[in-house]
Amino acid sequence: MGDAAAGFVGTEMELRMEGVAHGGWCVGRHNERVVFVRHTLPGELVRARVTEETARFLRADAVEVLEASPDRVEAPCPFAGPGKCGGCDWQHASLEAQRRLKGQVVSEQLRRIAKIDREVEVEELPGAPDGLGWRTRVRFAVDDSGRAGLRRHRSHEIEPIDHCRIAHPRVDELGVTELDWPRMRDVEAVASSTTRDTALVVNPDGAKLPPLPEPKASSAVMRRFSNGRVQQVRGRRHVREQVGEREFRVSAGGFWQVHSSAAQVLSEAVVEALAPEPGETGLDLFCGSGLFTAGLAEAVGPEGRMLGVENDAEAVRDARYNLRDLPWVRFAHADTDAQLREWVDMRVDFAVLDPPRTGAGTVVARQLSELRNRRVAYVSCDPATLARDLAAFIEEGYELTQLRAFDSFPMTHHVECLAVLHRD
């Protein structure tokens, strides 16, 4: 069975799973040492093979289930499982169980990091009742032979696939995995869920763009450089997305909610949570292409103000274009911290923030409190950084008044949260 001196990697051990951990793991113990195990469920007895060892814990894959949970189902994807594609964490769990486990993870992170005791129920999003076919943006890795696939868990190795089961049908229509991509690092397939727009964003392995195969369906083609800049190669450089009555132009390589229903659901939830009134002033931090700005701006009306800030220049151009009919909206191309310092003397009624996975940071909470801002809607795809930032807001006198969680990423461990805070 191995020992500490010999090392555990490659060793198999029988473990009883105790509970769920952030990141798609369940927790077991071997001689009081914590073991994080994938491809299992709480309560199960499994045979696990150790894949990684640190000074404090082990990581492992469940290679045999000895006693199965009643929540276990057969994975709908043949590429899910130990040593295979690392994109989906919970294909072996029923959708009801997946949402329950995600809610437990959010609750645990809030309790451990922010000292907030709250039960969390994860809400299903419309459009993917089987948990498949929802992802509108998929980045495929390319191996040395030019074959596209998906990376294995915590690995640079690539799992060849026929198609991704959670990808939107229009992503499949592009046929990325059926084509050869010589001298390419990766290829991102982008499909609008509300229009017919599609795009491919290619990342060549070198300075010169190699000849490109013809996609199975008509699409625009972009090139991504190592610094993140995207260059137009063929067709328009944007895809169009429809949310309510408004059409958004979104750069093919830029950020947009990947679940086909998430943009509509989250924008409505943010407006409902902040309840903006005509004449108020609001901020949209990390505003991207202006998704949340739009609904809030329409609510405050021409006698109010909406100010957005975003450090991605292409997204700012998109946002200005998308809301060009609302003259009371302004967008700044800047880092959020720096822009909030410039706004220090302004009175703000509410703010929404949708930061990257790393979170907003504690400085933003202090800056918003200095603006005498009273209502905050915080959208987050990472429960750990959300909990850290909520603790900072509470330190500044805010109270968490509502927390909603959405299953924006079925079959994976990811979950989207909307936290609402108020301050007297």
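Select Cys 287. Cys 287 is buried, at 7% relative accessible area (buried is under 20%, exposed over 50%, partly exposed in between, with a 1.4 Å probe and protein chains only). This is a predicted model, where local features need pLDDT of at least 70 and side-chain atom pairs pLDDT 80 or more, while totals for chains, interfaces and linings use all residues. Residues are numbered from 1 along each chain as its sequence is written, and side-chain values use heavy atoms, without hydrogens and water.

Next, go to Cys 381. Its sulfur is the closest cysteine sulfur to that of Cys 287, but at 17 Å it is too far for a bond. Cys 381 is buried too, at 17%. From Cys 381, the closest cysteine sulfur is in Cys 417, 9.3 Å away and again too far for a bond. The whole structure has zero disulfides (pairs of cysteine sulfur atoms within 2.5 Å).

Now select Val 46. Val 46 sits in strand β5, residues 45-53 (strands are DSSP E runs of at least two residues, helices H or I runs of at least four, numbered from the N terminus). Val 46 is buried, at 0% relative accessibility. Beyond neighbours within four places in sequence, its contacts include Met 13, Leu 15, Ala 62 and Val 65 (contact is heavy atoms within 4.5 Å).

Finish at helices α3 (262-274) and α4 (291-300). Where do they meet? Ala 263, Leu 266, Ser 267, Val 270, Val 271 and Leu 274 in α3 contact Leu 291, Phe 292, Gly 295 and Leu 296 in α4.
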